[in-house]
Each structure stands twice: as structure tokens, then as C-alpha cells.
Amino acid sequence: MRATDELSTIGDPIWEAILEHPMVSQLGEGTLDEAPFRYWVRQDYVYLIEYARVFAHGAAMAPDLERMGTFAELLDSTINTEMDLHRAYAETFGISEAELETTEPSPTTQGYTDFLVRTAATGSFGDLIAALLPCMWGFNVTGKRLADRGRPDHEGYAEWIDMYAGEEFTELTEWCKDLMDEVWAESTPDERDRYRELFRTSARYEYRFWDAAWRQEEWSI
């Protein structure tokens, strides 16, 4: 069995829970109040910075030049292209670059990014892939399922759906899934157990990231 066939038994119920969450279902309908989404956009900017660090670790740990090159390209595109696109997208919701740069990570954002960077820094290349995959996979599934329901009238939300349901992001997701399959095929039973738990933790954080935005989570003290 391919890794992604087995990991889907972990991920599928979580993707379904994400789609049923009011934050996501209302985004797809175009009825979501913009306040929690603006919160999400700001927290996602913080997340992207740490996401880029994971790509940097991936480039350093990659076992061959081809994978090293792909991670280096992802690092470059995240820092020099995606961050600019995120700033432009945030501006359409009235969020300035200064606001993005001064956003304090929420408890969930802090926990999720700390988990990802720690896994990348202290784990194996396979550990990194297992922890990284749910972000791509979950967003791609969410974007595609929302697109299937019909494009919302809210242009900002429709743009979000178009991005994560689109061909470019789907190709990136499939690349990461294929990479997980390759690593899985060469792994021991103990390593596979570890990959499952890392994947599960990241997938759970994906749900919590949406939920934190819905609640506009803050530090309690």
C-alpha cells in the first residue's frame, strides 16, 4: 500500500471536519464575516515565514540534488514570490504590510510552526515530509471541494478557492505526496509509525488553525 493511501485514513476525517467548520463552509458560501478571515490572513503570513524555514531544512537534508533543487526553488518562491502575493492579497482586505509584519503569532500558530521547525531541525528527511504534507494536502482538498460547490460571489474568497484548487497548487501537492510515497517505500516499520504520528499532528493543527481564526484566538494572559 502506498503511504498516501494509508495516510488518507488519517487525513480524510480531518479534511471533512475542516470542510464542515463554519469558518470554511461560510468562506465557500461567500457569507463569512471578514474579521475572522483578516485574522487568518495575518496569521498565515506569520506561518509562511516559518514554512520557508522548513523548506530551507529540506534543501539541506535532501538526499540527492534533484530534491535539493526542488526545496531550494520552493524556498525561493515562498520568500520572493508568495510573500509578495500574500501582501498584495492582504491589502485587498485592508491589511497593511506593517500590520502583517507586526502580527503576533497566536497560540495555535506558535504551536504549529514550532512543531514544524523542530521536526525539520531534529528529525529525518522523512519526518520533515510527513509533517509538511498535511498543509499542502489539506488546503488542496479544501480548495477543490469548495470549488465543486460553486464559486462564491465574494471575490476575495473566490480567489482563495481558485488558488488552492488550481493546477499549480495541485501539482505541488502531488509532488509532496509522491515524495512521501518514495520515502515510505524505503522506511522501516518504526519509521512509518513515526511518520503516521507526525502526519496526524500536522493535520490536527491544520484544523486548529482554521478554528483559531474563527475564534480570533488570543493569549489568555
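This report walks through the inside of one protein model, from its overall makeup to a few individual residues.

## The model and its record

What you see is a predicted model, where local features need pLDDT of at least 70, side-chain atom pairs count only at pLDDT 80 or more, and totals for chains, interfaces and linings use all residues. Residues are numbered from 1 along each chain as its sequence is written, and side-chain values use heavy atoms, with hydrogens and water left out.

An unreviewed UniProt entry carries the annotation "domain: Thiaminase-2/PQQC" for residues 12–215. Helices (H or I, at least four residues) and strands (E, at least two) are DSSP runs, numbered from the N terminus.

## The nonpolar core

Let's head inside. A nonpolar core is a set of buried Ala, Val, Leu, Ile, Met, Phe, Trp, Tyr and Cys residues joined through side-chain atoms within 4.5 Å. Buried means under 20% relative accessible area, exposed means over 50%, and partly exposed is in between (1.4 Å probe, protein chains only). The largest nonpolar core here has 67 residues, and F37, W40, W160 and M180 have the most contacts inside it. Helix α7 (residues 125–149) gives the most to this core: 13 residues.

Take M180 in helix α9 (residues 167–185). M180 counts as buried because its relative accessibility is 0%. Leaving aside residues up to four places away in sequence, M180 touches A3, L7, G126, I129, A130, L133 and Y195, where contact means heavy atoms within 4.5 Å. M180 and L7 are 173 residues apart in sequence, but their C-alpha atoms are 9.9 Å apart in space.

## Helix α8 and its neighbours

Which residues of helix α8 (residues 155–165) are buried? They are G156, Y157, A158, W160, I161 and Y164. These buried residues pack against α2 (22–29), α3 (34–61), α4, α7, α9 and α10 (189–215).

## Aromatic pairs

Rings of Phe, Tyr and Trp (its six-membered ring) pair if their centres lie within 6.5 Å; planes under 30 degrees apart count as stacked, over 60 as edge-to-face and the rest as tilted. By this rule there are 29 aromatic pairs. One of them joins F71 and F125, with ring centres 5.8 Å apart and planes at 75 degrees, so this pair is edge-to-face. The pair links distant parts of the chain, since F71 is in helix α4 (residues 65–92) and F125 is in helix α7, 54 residues apart. Both F71 and F125 are buried.

F71 also forms an edge-to-face pair with W175, at 5.4 Å centre to centre and 65 degrees between the planes. Here too distant parts of the chain are linked: F71 in helix α4 and W175 in helix α9 are 104 residues apart. At 0% relative accessibility F71 counts as buried, while W175, at 22%, counts as partly exposed.

## Cysteines

How many disulfides does a search of the whole structure find? The search finds 0, a disulfide being a pair of cysteine sulfur atoms within 2.5 Å. C135 is in no disulfide, and its nearest cysteine sulfur, that of C176, is 9.2 Å away. C135 is buried, with a relative accessible area of 7%, and C176 counts as buried at 0% relative accessibility.

How values were computed:
UniProt positions are given in the numbering used here, feature names are shortened, and annotations may be inferred rather than shown by experiment.
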